[in-house]
Amino acid sequence: MTIEPLNRYKISLTDVLAPIGITGQQLLALLSPFSHPPEVQEQRARLVVSRVRLLSGFFAVLVTLWIPFDYFFFQWPQWIQLTLLRLATTFFFIVLAWPRSFNQIRIAAFFMTVAMLGAPLLFSIASSPLLASLTRYSNPDFHQFIGNIFQHLYGLLPFIIVAGLSVFPLAAMEVLGLAFPIFITTAIQRYQGGQTPWDVYISELWLMLLIIGVSVVSGMSQLHYLIALVKQSTHDSLTGAYNRRAGAEVLEQAFLRAQRTQTPLSVAFLDLDRFKSINDTYGHEAGDEALRTMVQCLTHSLTFHDQLIRWGGEEFLLLFSRSDKEQAYARVLALRTAGFGRRPDGEPLTASIGISERIADQASDWHALVELADHRMYVAKTSGRDRIVIETSGLLEQQQLFLP
């Protein structure tokens with residue numbers, strides 16, 4: 001009897017998730033927000049801000065409309081205090097809903113979300129002592145009955161807050177992080193009240209956990225859909241690299257960030273050598289395969305902070321954040337040594353490459369940075385191809401790369 005090795009039956013996370021159409025890397029992006037690319041973070045932040053404004057405007061109207069009910073059912077000491085609380089909460093929601101622009105949209109999205117969720121929670125905490133003392137001021141029978149109803153309605157505020165998390169495209173970690181303080185506050189508040197029976201107390205907390213679970217699933221689903229849409233609109237369908245429109249936005253943001261932090265920023269302009277001959281001799285499908293192979297070779301060696309952009313045809317841009325010219329040259333040299341793949345005839349793919357850097361080349365904007373790298377790539381192309389050019393004069397004018 002032949003015993004087969006156990007590693008033949010090893011199942012990866014990707015295999016387990018395949019039936020639901022999601023990879024292990026995608027699942028990690030849905031669990032934690034820290035691996036999201038900049039374009040996803042930007043679009044998600046804009047969507048969160050717009051929904052916070054919409055919900056804040058809705059809550060501002062709803063909270064205000066409830067004031068007449070407090071006046072009708074509560075007596076003097078309580079309704080005026082509740083009214084003041086409602087007016088303060090309404091003003092806070094109006095401030096959140098007021099349209100304005102932000103320089104740091106991601107930071108604004110985080111604080112606006114926390115503020116929108118915290119306002120009704122603080123209102124619930126502040127109103128609890130007023131509602132707990134209702135029996136001392138109200139008449140029996142009808143007012144007592146209505147007062148009990150209102151106490152239960154106010155007690156539902158934490159559940160409404162947690163349910164509100166389901167309208168945002170959030171990672172599981174974010175939903176749990178936002179819901180945890182609300183859950184703990186509700187548990188302590190219910191326990192300190194002393195009037196909630198244990199079976200009701202446990203049932204309420206269990207219900208909140210279920211709502212949190214639904215919010216986690218809903219947030220992850222929306223986030224997955226958002227990531228798919230952003231990737232479809234920002235990435236080249238053939239190679240998976242950034243397309244030119246999205247790449248221009250990435251370049252602009254990276255350049256502004258480098259200016260603000262006074263850090264280096266390097267760009268490498270790559271043009272595949274004799275690529276037209278591949279299309280003419282072997283067909284466009286062979287050319288497409290060569291482009292895909294090159295991108296795969298590049299992405300395997302790039303870090304999380306590097307960006308690859310398909311600028312057009314067989315032209316690509318490599319963006320190296322916080323890398324000066326010498327560091328960028330070393331990175332490109334390592335990429336070139338690892339290889340860009342093979343041509344259909346088995347020969348290695350080569351590229352003419354030009355490198356520019358924001359500080360060393362005194363680039364005024366990202367357009368000038370790319371234009372200079374493009375010019376140096378042209379120098380490499382016209383001086384024999386398969387070269388890296390980082391200066392137009394000096395000792396490092398042309399560095400010849402020899403194939404292994």
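A: Happy to. The protein has 16 helices and 6 strands, where helices (H or I, at least four residues) and strands (E, at least two) are DSSP runs numbered from the N terminus. This is a predicted model, in which local features need pLDDT of at least 70 and side-chain atom pairs count only at pLDDT 80 or more, while totals for chains, interfaces and linings use all residues. Residues are numbered from 1 along each chain as its sequence is written, and side-chain values use heavy atoms, with hydrogens and water left out.

Now to the rings. The structure holds 5 aromatic pairs; rings of Phe, Tyr and Trp (its six-membered ring) pair if their centres lie within 6.5 Å, and planes under 30 degrees apart count as stacked, over 60 as edge-to-face and the rest as tilted. In one of these, Phe 58 and Phe 59 have ring centres 5.8 Å apart and planes at 55°, so the pair is tilted. Phe 59 also pairs with Phe 93: the centres are 5.5 Å apart and the planes at 45°, so this pair is tilted too. Since Phe 59 lies in helix α3 (residues 38-65) and Phe 93 in helix α5 (residues 76-97), the pair ties together parts that are 34 residues apart in sequence.

Buried means under 20% relative accessible area, exposed over 50% and partly exposed in between (1.4 Å probe, protein chains only).

Phe 93 leads on to the core. The largest nonpolar core has 40 residues, and Phe 93, Met 116, Leu 165 and Ile 212 touch the most other members. Such a core is a set of buried Ala, Val, Leu, Ile, Met, Phe, Trp, Tyr and Cys residues joined through side-chain atoms within 4.5 Å. Among the elements that give two or more residues to this core are α3, α5, α6 (105-132) and α11 (198-234). Leaving aside neighbours within four places in sequence, Met 116 is in contact (heavy atoms within 4.5 Å) with residues including Val 52, Leu 55, Phe 93 and Phe 168. Apart from this core lies another, of 27 residues, among them Val 295, Leu 302, Phe 316 and Tyr 329.

Strand β1 is also worth a look. In β1 (residues 265-272), 8 of the 8 residues are buried, so the strand is largely enclosed by the rest of the structure. Leu 265, Val 267, Phe 269 and Asp 271 are buried on one side, and Ser 266, Ala 268, Leu 270 and Leu 272 on the other. β1 runs antiparallel to strand β3 (residues 315-321), joined by 7 bridges; strands pair if DSSP finds at least two bridges between them. It is also joined by 7 bridges to strand β4 (residues 351-357), again antiparallel.

Finally, a word on confidence. The protein averages a pLDDT of 83, and 84% of the residues score at least 70; pLDDT is the predictor's confidence in each residue, from 0 to 100. It stays under 50 over residues 1-11 and also over residues 394-404. Where pLDDT is low, the predicted coordinates should not be read in detail.
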